[in-house]
Each structure stands twice: as structure tokens, then as C-alpha cells.
Amino acid sequence: MSATRFSESVSGSIRDGVLVITIDNAPVNATSAHVRQGLVKAVDHAVAVGTVIGVVVTGAGRTFVGGADIKEFGMPPVEPTLPEVMSRIENCRKPVVAAINGAALGGGCEIALACHGRIAAEAASIGMPEVKLGIVPGAGGTQRLPRLTGTIAAIDLIGSGRTVKPEEALRLGLVDGIATDQMSTAIALARGMASGPLRRTGGIQIATPDASAVDAAAKKVLAKARGQAAPAEAVRLVRAASETSLEDGLADERATFLRLRDSLEAAALRHVFFAERQAGKVSKLEGIAPRMVETVGIVGTGLMGAGIAVAALTAGYRVVGIEQSEDAAAKGRERISGILDKAVQSGRLSDLARTACLDRLQVAADAGRLAAADLVVEAVFDDLTVKTELFQRLDGIVRPGAILATNTSYLNPDEIASATAHAERVVGLHFFSPANVMRLVEVVDCRATAPDVLASALAFAKKLGKLPIVSGVTEGFIGNRIFSAYRREAEFMIEDGAAPDQVDAALETYGFPMGIFNVYDMAGLEIAWARRKRQAATRDPNARYVEIADRLCEAGRFGRKTGKGWYDYSSGEKAVDPAVSVLIEAARTAKGIVPRTFTSGEIVERLLRAMADEGKSLLEEGIAARSSDIDLVMINGYGFPAHKGGPMFVADTYA
């Protein structure tokens with residue numbers, strides 16, 4: 001069974017009269033030009049050889065086809081285009097079956113759709129995430145998928161960009177079967193198809209969908225899109241698939257794809273995509289191996305600590321949680337178990353996985369149990385004395401090679417480290433709440449942090465499925481320092497004449513899920529108030545300072561938890577509070593400020609500029625390594641709309 005090479009990345013061999021075409025284009029078998037050329041040559045070869053009765057397409061390694069070749073982004077097209085490859089596969093007069101051995105994403109999913117049959121391995125995942133890059137599928141995805149799954153499921157899958165596992169794919173009609181040995185099953189399917197008429201996806205009639213159900217599916221997608229163009233266009237194209245011919249639908253799809261590909265929105269999302277590839281890369285760590293981490297200690301099992309524990313447990317770590325009393329330890333275990341239960345209820349975790357997590361968990365009041373930990377994360381009250389004394393106690397408990405990580409939001413980790421016996425093993429791991437959900441982790445490289453300790457912290461965060469961004473030491477690190485500048489500018493505008501709800505509305509129209517004053521009410525105003533009081537003695541008396549938030553706190557208005565903050569929640573819904581307007585007016589009068597009007601555009605422009613200016617300072621000070629790191633922090637930790645690219649991208653684009 002000798003192999004024939006059709007291009008540098010596509011080869012084929014004949015098994016039982018079936019040409020097995022293998023795509024081998026590491027690392028993700030992307031649809032590079034040589035892959036497309038090889039596929040066309042291989043299909044043509046199968047047609048020309050009389051002894052070949054069918055074709056199976058598969059991928060080498062653990063990926064079927066992971067999507068487009070990112071190196072071709074923005075480059076002139078090279079023939080054949082992906083739509084031409086799809087047409088060649090679908091119109092082949094011999095059966096073509098996809099043996100989906102792993103991830104089939106974007107163009108990989110479209111290849112599978114163009115085949116006459118699809119067999120998924122148990123480890124496969126299938127989806128079209130194009131909307132996450134500001135584009136729509138460009139090789140038939142919006143037209144072929146609804147012919148297999150129906151309009152409603154296709155709107156959901158393409159409009160959201162989510163991937164599905166084999167069981168759901170089979171239920172939706174996206175695949176014809178699931179097999180442990182997908183190759184043998186796919187070959188058998190191709191052989192069985194050879195004697196009958198082929199089921200070409202493009203020729204399948206779409207059942208007339210229920211209009212109200214389609215509207216509901218579309219509304220769900222568009223509600224999450226927050227003004228992005230790609231999801232709306234995806235919905236439109238999927239709807240059109242049941243109303244027009246395949247030929248017209250494909251032409252519309254391709255034109256839409258090309259138009260969106262060249263849009264600023266797509267450029268912003270590509271920027272985010274590439275930024276994530278760079279994130280966590282630290283030049284000084286080249287060749288540095290991380291330490292082995294198998295057991296994670298977590299001191300404090302409140303909301304933050306429990307979230308970190310769940311993230312570590314679901315990543316496969318053993319976890320030792322420590323509390324101050326047995327009663328607190330029992331409540332901590334209950335809290336962790338409750339989060340795992342919710343994950344099971346939502347389908348994100350199986351019952352078996354939940355049981356395995358709990359088997360790896362112990363929560364106790366005996367800090368001595370941390371002697372077994374390779375990494376200890378503190379998640380206690382954000383007070384310098386509390387954290388410093390804890391780390392000094394840990395010096396006498398943990399083994400010499402163990403790493404100590406502080407989860408502080410604003411305190412100086414260098415001060416904490418310097419109070420310990422081994423400052424070189426201290427690193428910052430700033431999680432965002434809820435830690436089991438939020439993707440961002442700021443990894444703080446302290447003054448004395450050893451290179452392998454920093455490498456270990458990055459490896460740990462990545463294994464948790466997080467997006468680690470390295471920050472130097474500064475108050476608030478990258479995110480909270482920019483957020484403070486952003487808040488300060490917002491409060492300046494409030495004092496100068498804007499209303500809190502006007503500022504929030506401008507931000508939400510821009511694409512933020514929540515305006516800044518709404519965010520403050522959600523988080524609780526007392527946190528920032530405590531910090532401002534700590535800073536009062538060292539604050540520059542000549543610097544502008546807005547006291548409105550202090551007055552709210554003095555009145556007991558700490559946000560949603562107290563029913564009143566920047567807004568009034570006493571009715572159960574957020575409402576503008578005339579009492580806040582009176583308080584703001586009094587603050588203006590005390591300073592002799594004559595209020596002026598602000599447009600939504602001016603509000604957004606000033607806030608974006610405040611973020612970008614602070615970001616530039618962070619770069620100049622060496623706190624952030626790359627402007628794209630700053631964008632990722634603001635997108636993943638503070639709700640900056642990804643389709644705008646982040647504050648630094650916006651500043652560079654409109655400079």
C-alpha cells in the first residue's frame with residue numbers, strides 16, 4: 001500500500017479500493033494553498049483511476065482541518081480557492097467521505113460538509129467559528145449546514161461560532177456516525193455508497209422552517225452580537241439558504257465573506273487572534289523549564305478561592321484548601337462542591353468528572369497540610385499585613401521548592417515577597433472573579449521572582465485554560481491601573497455635566513456589556529473607597545479629585561448589595577435615582593462648576609483616550625511588554641468589546 005504524494009502536505013494510499021487522502025500540514029492542518037492544490041489533485045486522481053471506487057479524507061495527528069492558514073491573511077488569493085475545492089469534492093462522481101479524526105473547524109467543517117458522508121471520531125469537534133474573526137464562512141458553510149441540520153440549528157452554530165462534540169453533531173444530522181475506528185468505518189461507508197446515488201449536500205432540500213422559531217434563534221444570536229456585523233450577516237445568509245438556489249446562496253456568501261474580511265471589525269478581531277498567540281511569551285524565559293506542579297494549595301475558600309479551586313480541580317490538579325476553622329473549611333468545601341454541581345447542571349461537566357474532582361479535593365483548618373503543595377495561591381483579604389503574615393507562616397510549612405503566589409489586586413507583591421525567607425519563589429497570580437469562569441489571569445513578575453517560577457506560573461495558568469498576561473509590579477497591575485484611569489475620566493465628565501446613565505449608555509452602544517457605573521454598582525463601591533482612603537495621605541493635593549463616589553459610600557450606597565449605589569435598585573430593577581442627581585449637583589456647586597453637555601461620541605472618545613494614554617505609560621515603564629497584551633487584558637477582564645480590538649488598537653488605528 002504505497003503512498004502517492006499530491007502536494008507537500010497531501011498524500012494518498014489505496015485501502016480496499018478506497019483512496020484515503022491524508023492532510024498533513026502541522027500544526028493544525030490548515031487549508032494552505034498546497035493543501036487546496038493537493039486535495040484537488042487527489043480527488044481528480046481518484047476519478048481517473050478505475051480501480052478506485054471511493055475516497056476518504058482525513059487529517060494527520062489529532063486535527064482534521066483546523067481552519068484557514070493565518071499566514072495567508074491579507075495576502076492575494078492563490079488558486080484553487082476553497083470554494084473551488086468544495087465544488088470539486090461535492091461534484092465528484094465517486095463517493096467522498098470525511099473521517100473526522102479531530103477538530104474540524106472553519107474550512108475544515110466546510111470540507112466535511114461538501115463530502116457525501118461524515119464519520120466522527122470520539123475525540124472530534126466540529127464548528128465554524130468565523131464570526132469570532134469578524135467574517136462569515138466563505139466556502140459554503142452557511143448554505144450547506146442548514147441543508148443537514150435545518151435552519152434553526154445552523155443559525156445557532158454559525159451565528160455563535162460555537163463548536164459541537166460528536167454526540168450533538170450526530171443528533172443534529174451533521175455527521176452520519178461516531179466510531180472508535182473512524183477510518184475503517186469511513187472506508188466501509190464509502191464502499192457502501194459506491195453502488196448507489198450520492199447524497200450531495202448542496203442538493204438537499206431544506207425543510208420549511210417555523211418562522212417564529214427562526215426569529216427566536218436569530219434574536220438570541222443578535223442579542224449576544226452587540227452590534228457586530230458578522231453574526232447578523234451569518235443569520236441572513238443561513239435564512240437565505242432556504243429561499244434561494246445553492247448557486248445564488250454561495251455567490252452571496254462569498255461576496256459577503258470578502259466584504260467582511262476587509263472590514264475594520266475583522267481587522268480588530270484578527271488583531272485579537274494574533275495577540276492571543278503572543279500572550280504569555282517572555283523572551284527571558286526561552287529555554288527555561290517550569291517546575292512540576294501536581295498539588296495546589298489555596299488559602300481562603302471564599303468566592304475567589306473557591307473559583308480558583310474549581311479551575312484547578314477541573315484541570316486535573318489535586319487541591320488542598322485551607323481555612324481558619326473547621327466550620328469555615330466545611331463551608332468552603334460546600335461552596336466548591338456547589339460550583340461543580342452547577343457545572344454538571346449546565347452540561348459543562350459530567351457526573352463522573354465532578355466525582356473525580358471531589359476525590360482530589362481536601363479542605364481543612366490545618367495549614368500543615370500545605371506541606372504537600374507544589375504551588376500555594378493565597379486568596380485572603382486584600383490587606384498587606386494579612387498577606388505578609390500568611391506568607392511568613394507558609395515559609396515554615398511548605399517545602400523549599402514550592403511556589404507562593406499572591407492573588408492581590410492592588411497591593412505591592414514585592415513588599416510581600418521581601419518579607420519572606422525566599423522572595424525568589426513569590427509570584428503574582430491575579431485572578432478575576434468568578435475565577436472558574438473568567439479567562440484572564442495577570443501573572444505578576446516580581447522584582448525577585450526566579451525565571452522558572454514565572455515560567456511555572458504561566459504554565460499553571462495555561463493548564464487552567466486561562467489567558468495569562470505578564471505584568472510588572474505597579475499599583476493595580478495592567479488592568480486595574482487602566483481601569484482607574486478610565487473611572488477617573490468618567491467621574492471628571494460626571495462632575496462637568498454628564499449623567500451616569502448617559503455615560504453608561506454611550507459605552508453600551510459602543511459595545512461594552514455594561515457601563516462603568518453599572519459595573520461599580522455590581523462590584524460594590526466600598527472596595528474602591530477603601531483604596532482611596534488608603535491613598536489619601538499620599539495623594540497629590542494639586543491633582544483633580546472627584547468626591548462624588550465618596551459621598552455615595554458615606555451615605556451607605558455601596559451598589560446592588562445595598563439596593564442603592566450610582567443607581568437605585570429598590571424596585572428590583574436598575575433605575576436612575578434623583579437623589580444621586582442632587583448629590584452630583586451639590587458637588588458641582590461646591591466647586592463652582594457650570595455643567596455642560598456631552599455627546600455620546602465625546603464620552604466614548606475621552607474614555608478610550610484615557611485608557612490608551614495609561615496604556616502608553618505602562619509600556620514606557622516596562623510594566624506591559626506589548627500593547628496587544630494591554631488590549632487582551634481590557635477585553636478579557638473589563639468587557640472591552642473584542643470586535644473593536646482593544647484601546648491600544650483603537651488608538652493606533654485612528655492615530
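Author: Let us begin with a definition: a residue is called buried when its relative accessible area is under 20%, and exposed when it is over 50%. Please keep in mind that this is a predicted model.

Reader: What percentage of the residues in the protein chain is buried?

Author: The cut-off for a buried residue is a relative accessible area under 20%. The protein chain has 655 residues, and the share of them that is buried is 55%.

Reader: What radius of gyration does the protein chain have, and what would a compact globule have?

Author: The C-alpha atoms fill a box of roughly 85 × 60 × 45 Å along the principal axes. For 655 residues, a compact globule would have a radius of gyration near 26 Å, and the value for the protein chain agrees with this, being 28 Å.

Reader: How many helices and strands are there, and what share of the contacts joins residues 24 or more positions apart?

Author: The protein chain contains 26 helices and 19 strands. Among contacts with a separation of 6 or more, those between residues 24 or more positions apart account for 73%.

Reader: Why is helix α3 described as largely enclosed by the rest of the structure?

Author: Helix α3 covers residues 107-114. Its buried residues are G107, G108, C109, E110, I111, A112, L113 and A114.

Reader: Are helices α1 and α2 roughly parallel or roughly antiparallel?

Author: Two packed helices are described by the angle between their axes and the distance between the axes. The axes of α1 (residues 33-48) and α2 (residues 82-90) come within 10 Å and cross at roughly 20°. An angle under 35 degrees counts as roughly parallel, so α1 and α2 are roughly parallel.

Reader: Which residues make the contact of α1 with α2, and how do they divide by class?

Author: The crossing of these two helices is left-handed. From α1 come R36, L39, V40, V43 and D44, and from α2 come L82, V85, R88 and I89. By class, the residues of the contact of α1 with α2 are six nonpolar, no polar and three charged.

Reader: Is H34 buried or exposed?

Author: H34 belongs to helix α1. Beyond its neighbours within four places in sequence, H34 is in contact with S7, E8, S9, V10 and N25. Its C-alpha lies 9.5 Å from that of E79, a residue 45 places away in sequence. With a relative accessibility of 19%, H34 counts as buried.

Reader: D16 and F477 each have a positive phi. Which is buried and which is exposed?

Author: D16 has a phi of about 50° and sits in the loop between β2 and β3. F477 has a phi of about 55° and sits in helix α18. At 57% relative accessibility D16 counts as exposed, whereas at 1% F477 counts as buried.

Reader: How are α12 and α13 oriented to each other, and which residues meet?

Author: The axes of α12 (residues 303-314) and α13 (residues 326-345) are 9 Å apart, at an angle of about 55°. These two helices are therefore oblique to each other, and their crossing is right-handed. In α12 the residues are L303, A306, G307, A309, V310, L313 and T314, and in α13 they are R335, I336, I339 and L340.

Reader: Is α13 roughly parallel or roughly antiparallel to α14?

Author: The axes of α13 and α14 (residues 351-359) come within 9 Å and cross at roughly 165°. Since an angle over 145 degrees counts as roughly antiparallel, α13 and α14 are roughly antiparallel.

Terms used
Residues are numbered from 1 along each chain as its sequence is written. This is a predicted model: local features need pLDDT of at least 70, side-chain atom pairs count only at pLDDT 80 or more; totals for chains, interfaces and linings use all residues. Side-chain values use heavy atoms; hydrogens and water are left out. Axes are lines fitted to C-alpha atoms, for helices over the stretch in contact, and angles run from 0 to 180 degrees between N-to-C directions. Helices (H or I, at least four residues) and strands (E, at least two) are DSSP runs, numbered from the N terminus. Angles under 35 degrees count as roughly parallel, over 145 as roughly antiparallel, 65 to 115 as roughly perpendicular and the rest as oblique. A crossing is left-handed if the near helix is turned anticlockwise from the far one by less than a right angle, and right-handed if clockwise. Contact means heavy atoms within 4.5 Å. Ala, Val, Leu, Ile, Met, Phe, Trp, Tyr, Cys and Pro count as nonpolar, Asp, Glu, Lys and Arg as charged, and the others, Gly among them, as polar. The radius of gyration is taken over C-alpha atoms; the globule rule is 2.2 Å times the number of residues to the power 0.38. Buried means under 20% relative accessible area, exposed over 50%, partly exposed in between (1.4 Å probe, protein chains only).
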